[in-house]
Amino acid sequence: MSTSRPARPASLAALALALVAVLSACGDLHAPDSRTGAAPSPSGGSSPSAPSAPSASPYGEPGTGDGAPHYNENNAYRREGDMAPAHEKDARREADRIRPVLKRLWEKREWDPATVRAALLRLGYEEERVTKGGKRLGGTLTVTGMLARWEDDGYVTPEGTRVALRVHDDACVSAFVQKSNFEVRTNGPYPETGCFEPPYGH
(Lines give C-alpha, C1' and ligand atoms only; values in the text may rest on other atoms or scores of the structure.)
Protein backbone atom coordinates (compact mmCIF):
# COMPACT_ATOMS: atom_id res chain seq x y z
CA MET A 1 0.00 0.00 0.00
CA SER A 2 1.37 3.36 -1.09
CA THR A 3 1.50 6.16 1.43
CA SER A 4 2.61 9.04 -0.91
CA ARG A 5 0.33 11.97 -1.38
CA PRO A 6 -0.60 13.33 -4.83
CA ALA A 7 1.45 16.38 -5.93
CA ARG A 8 -0.16 19.71 -5.33
CA PRO A 9 -1.32 21.53 -8.52
CA ALA A 10 0.46 24.78 -7.53
CA SER A 11 3.87 23.14 -7.25
CA LEU A 12 3.43 21.33 -10.59
CA ALA A 13 2.52 24.61 -12.32
CA ALA A 14 5.58 26.34 -10.83
CA LEU A 15 7.83 23.51 -12.00
CA ALA A 16 6.36 23.66 -15.52
CA LEU A 17 6.90 27.42 -15.74
CA ALA A 18 10.49 27.10 -14.54
CA LEU A 19 11.16 24.41 -17.16
CA VAL A 20 9.68 26.53 -19.97
CA ALA A 21 11.76 29.53 -18.87
CA VAL A 22 14.97 27.49 -18.84
CA LEU A 23 14.33 25.85 -22.22
CA SER A 24 13.25 29.03 -23.98
CA ALA A 25 16.23 31.06 -22.70
CA CYS A 26 18.85 29.18 -24.75
CA GLY A 27 20.51 31.54 -27.23
CA ASP A 28 18.44 34.57 -26.27
CA LEU A 29 19.83 38.02 -25.55
CA HIS A 30 19.49 39.01 -21.92
CA ALA A 31 18.82 42.41 -20.45
CA PRO A 32 21.82 44.53 -19.48
CA ASP A 33 23.28 43.96 -16.05
CA SER A 34 21.84 46.86 -14.08
CA ARG A 35 24.88 46.89 -11.80
CA THR A 36 27.54 47.18 -14.49
CA GLY A 37 25.60 48.62 -17.42
CA ALA A 38 27.07 45.84 -19.56
CA ALA A 39 25.58 45.37 -22.99
CA PRO A 40 23.44 42.33 -23.68
CA SER A 41 25.32 39.22 -24.70
CA PRO A 42 24.10 35.93 -26.12
CA SER A 43 23.90 33.07 -23.67
CA GLY A 44 25.33 29.73 -24.56
CA GLY A 45 28.66 28.64 -25.97
CA SER A 46 30.31 31.87 -27.16
CA SER A 47 34.05 32.01 -26.65
CA PRO A 48 35.23 34.65 -24.19
CA SER A 49 38.23 35.40 -26.40
CA ALA A 50 36.19 36.03 -29.57
CA PRO A 51 35.85 39.74 -30.42
CA SER A 52 32.32 41.01 -30.21
CA ALA A 53 30.76 42.70 -33.24
CA PRO A 54 29.68 46.31 -32.76
CA SER A 55 25.96 46.67 -32.28
CA ALA A 56 23.98 48.20 -35.12
CA SER A 57 22.69 51.73 -34.74
CA PRO A 58 18.94 51.83 -34.19
CA TYR A 59 18.84 54.72 -36.67
CA GLY A 60 20.94 53.21 -39.46
CA GLU A 61 19.78 51.45 -42.58
CA PRO A 62 20.97 47.97 -43.53
CA GLY A 63 23.82 47.90 -46.05
CA THR A 64 24.81 51.57 -45.67
CA GLY A 65 28.42 51.13 -44.65
CA ASP A 66 28.65 53.72 -41.89
CA GLY A 67 25.06 53.26 -40.73
CA ALA A 68 24.18 56.94 -41.16
CA PRO A 69 20.49 57.74 -40.80
CA HIS A 70 18.69 57.98 -44.16
CA TYR A 71 21.94 57.21 -46.04
CA ASN A 72 20.19 55.32 -48.84
CA GLU A 73 17.51 57.95 -49.20
CA ASN A 74 19.97 60.86 -49.14
CA ASN A 75 22.29 59.23 -51.68
CA ALA A 76 19.72 57.80 -54.09
CA TYR A 77 20.66 60.48 -56.64
CA ARG A 78 24.22 59.04 -56.72
CA ARG A 79 23.16 55.47 -57.57
CA GLU A 80 23.39 54.57 -61.21
CA GLY A 81 20.63 52.56 -62.85
CA ASP A 82 20.98 48.94 -63.86
CA MET A 83 22.04 48.06 -67.39
CA ALA A 84 20.63 45.15 -69.35
CA PRO A 85 23.48 42.70 -70.04
CA ALA A 86 23.32 43.17 -73.83
CA HIS A 87 23.30 46.97 -73.42
CA GLU A 88 26.25 46.82 -71.02
CA LYS A 89 28.17 44.89 -73.68
CA ASP A 90 27.33 47.62 -76.22
CA ALA A 91 28.51 50.29 -73.78
CA ARG A 92 31.83 48.47 -73.23
CA ARG A 93 32.33 48.33 -76.99
CA GLU A 94 31.83 52.11 -77.27
CA ALA A 95 34.13 52.71 -74.29
CA ASP A 96 36.81 50.74 -76.14
CA ARG A 97 36.44 53.13 -79.10
CA ILE A 98 36.61 56.28 -76.94
CA ARG A 99 39.51 55.24 -74.66
CA PRO A 100 42.33 55.41 -77.28
CA VAL A 101 41.12 58.83 -78.47
CA LEU A 102 41.22 60.30 -74.95
CA LYS A 103 44.56 58.61 -74.25
CA ARG A 104 46.05 60.18 -77.36
CA LEU A 105 44.67 63.63 -76.46
CA TRP A 106 45.95 63.31 -72.88
CA GLU A 107 49.43 62.36 -74.11
CA LYS A 108 49.37 65.40 -76.42
CA ARG A 109 48.19 67.54 -73.47
CA GLU A 110 45.00 68.53 -75.28
CA TRP A 111 42.05 68.28 -72.93
CA ASP A 112 39.92 71.34 -73.73
CA PRO A 113 36.25 70.64 -74.60
CA ALA A 114 36.45 71.90 -78.20
CA THR A 115 39.36 69.60 -79.09
CA VAL A 116 37.83 66.59 -77.31
CA ARG A 117 34.43 67.19 -78.94
CA ALA A 118 35.94 67.42 -82.43
CA ALA A 119 37.93 64.21 -81.93
CA LEU A 120 34.89 62.26 -80.72
CA LEU A 121 32.60 63.57 -83.45
CA ARG A 122 35.09 62.11 -85.94
CA LEU A 123 34.15 58.68 -84.54
CA GLY A 124 30.66 59.26 -85.95
CA TYR A 125 28.82 60.31 -82.80
CA GLU A 126 26.26 63.11 -82.90
CA GLU A 127 25.91 65.69 -80.13
CA GLU A 128 22.90 65.14 -77.91
CA ARG A 129 20.25 67.83 -78.21
CA VAL A 130 17.88 68.49 -75.30
CA THR A 131 15.06 71.00 -74.82
CA LYS A 132 15.04 73.40 -71.85
CA GLY A 133 12.50 71.06 -70.25
CA GLY A 134 14.90 68.13 -70.52
CA LYS A 135 13.31 66.29 -73.44
CA ARG A 136 15.90 64.59 -75.65
CA LEU A 137 15.67 65.49 -79.32
CA GLY A 138 18.43 63.29 -80.72
CA GLY A 139 22.14 62.62 -80.67
CA THR A 140 24.03 60.70 -78.01
CA LEU A 141 27.24 62.61 -77.16
CA THR A 142 27.67 65.36 -74.55
CA VAL A 143 31.02 67.10 -74.03
CA THR A 144 31.44 69.77 -71.34
CA GLY A 145 34.08 71.40 -69.20
CA MET A 146 34.94 70.09 -65.75
CA LEU A 147 32.75 70.97 -62.78
CA ALA A 148 33.81 73.80 -60.50
CA ARG A 149 35.04 72.73 -57.07
CA TRP A 150 35.75 74.55 -53.83
CA GLU A 151 39.43 75.22 -53.30
CA ASP A 152 40.93 77.48 -50.63
CA ASP A 153 38.64 80.53 -50.59
CA GLY A 154 36.47 80.00 -53.65
CA TYR A 155 35.32 77.87 -56.54
CA VAL A 156 37.87 76.83 -59.14
CA THR A 157 37.11 75.16 -62.48
CA PRO A 158 39.99 72.86 -63.38
CA GLU A 159 41.20 72.41 -66.94
CA GLY A 160 39.76 69.39 -68.65
CA THR A 161 36.69 67.86 -70.21
CA ARG A 162 33.86 65.57 -69.18
CA VAL A 163 32.27 63.24 -71.73
CA ALA A 164 28.99 61.32 -71.67
CA LEU A 165 27.76 58.98 -74.38
CA ARG A 166 24.22 57.59 -74.16
CA VAL A 167 24.48 54.14 -75.76
CA HIS A 168 20.96 53.03 -74.74
CA ASP A 169 18.37 54.48 -72.37
CA ASP A 170 19.87 52.29 -69.64
CA ALA A 171 23.54 52.26 -70.70
CA CYS A 172 26.18 55.01 -70.85
CA VAL A 173 29.86 55.65 -71.29
CA SER A 174 31.21 58.42 -69.08
CA ALA A 175 34.72 59.78 -69.26
CA PHE A 176 37.00 62.67 -68.45
CA VAL A 177 40.40 63.89 -69.53
CA GLN A 178 42.45 66.40 -67.54
CA LYS A 179 46.05 67.30 -66.81
CA SER A 180 46.61 64.60 -64.18
CA ASN A 181 44.80 61.68 -65.82
CA PHE A 182 41.90 60.41 -67.90
CA GLU A 183 39.24 57.76 -67.35
CA VAL A 184 36.64 55.95 -69.45
CA ARG A 185 33.99 53.73 -67.85
CA THR A 186 30.52 52.32 -68.43
CA ASN A 187 27.58 53.02 -66.14
CA GLY A 188 23.83 53.13 -65.95
CA PRO A 189 22.18 56.55 -65.99
CA TYR A 190 21.76 58.57 -62.78
CA PRO A 191 18.25 59.72 -61.77
CA GLU A 192 18.94 63.46 -62.05
CA THR A 193 22.07 63.86 -64.19
CA GLY A 194 21.74 61.23 -66.91
CA CYS A 195 25.05 59.68 -67.92
CA PHE A 196 27.17 62.09 -65.86
CA GLU A 197 27.96 61.12 -62.27
CA PRO A 198 26.40 63.76 -60.03
CA PRO A 199 28.65 65.87 -57.81
CA TYR A 200 28.68 65.43 -54.02
CA GLY A 201 26.92 67.91 -51.78
CA HIS A 202 23.47 67.49 -53.30
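Here are some notes on how this predicted model is put together.

1. Start with the overall layout. Out of 202 residues, 24% count as buried. Take the contacts between residues at least 6 apart in sequence: 44% of them join residues at least 24 apart.

2. Now find the sheet. It is an open one made of 4 strands, in the order E3-E6-E7-E8, with antiparallel pairing. Strand E3 (141–145) and strand E8 (182–187) sit at the edges with a single partner strand each, so one side of each has no neighbour in the sheet. On average, neighbouring strands here are turned by 15° against each other, if you ignore direction.

3. Zoom in on one pair. Strand E7 covers residues 171–177 and pairs with E8 in the antiparallel sense, over 6 bridges. To see one of the pairings for yourself, look for Val 177, whose bridge partner in E8 is Phe 182.

4. Which helices pack on this sheet? Helix H3 (residues 85–107) does, touching strand E6 (161–168), E7 and E8. The direction of H3 makes about 170° with that of E8. Helix H4 (residues 113–121) lies across E3, E6 and E7, and runs at about 165° to E3.

5. As a rule, nonpolar side chains in soluble globular proteins tend to be buried together. In this model the largest nonpolar core has 21 residues, and the ones touching the most other members are Ile 98, Leu 102, Val 116, Leu 120, Leu 141, Val 173 and Val 184. H3, H4, E3, E6 and E7 each put in at least two residues, with H3 giving the most, at 6 residues.

6. Leu 120 deserves a click of its own. Leaving out neighbours within four places in sequence, Leu 120 is in contact with Ile 98, Val 101, Tyr 125, Leu 141, Val 143 and Val 163.

7. Is Glu 94 buried or exposed? This residue belongs to helix H3. The cut-off for buried is under 20% relative accessible area, and Glu 94 comes in at 15%, so Glu 94 counts as buried. The side chains of Glu 94 and Tyr 125 are joined by a polar contact of 2.5 Å. Not counting residues up to four places away in sequence, Glu 94 touches Tyr 125, Leu 165, Val 167 and Val 173.

8. Finally, have a look at Ala 164, which is in strand E6. With 5% relative accessibility, Ala 164 counts as buried too. Setting aside residues up to four places away in sequence, Ala 164 touches Thr 140, Leu 141, Thr 142, Val 173, Ser 174, Cys 195 and Phe 196.

Notes:
Residues are numbered from 1 along each chain as its sequence is written. This is a predicted model: local features need pLDDT of at least 70, side-chain atom pairs count only at pLDDT 80 or more; totals for chains, interfaces and linings use all residues. Side-chain values use heavy atoms; hydrogens and water are left out. Two strands pair if DSSP finds at least two bridges between them. Axes are lines fitted to C-alpha atoms, for helices over the stretch in contact, and angles run from 0 to 180 degrees between N-to-C directions. Contact means heavy atoms within 4.5 Å. A nonpolar core is a set of buried Ala, Val, Leu, Ile, Met, Phe, Trp, Tyr and Cys residues joined through side-chain atoms within 4.5 Å. Buried means under 20% relative accessible area, exposed over 50%, partly exposed in between (1.4 Å probe, protein chains only). A polar contact is a pair of N or O atoms within 3.5 Å; within protein, one must be able to donate a hydrogen and the other to accept it, and residues adjacent in sequence count only if both atoms are side-chain atoms.
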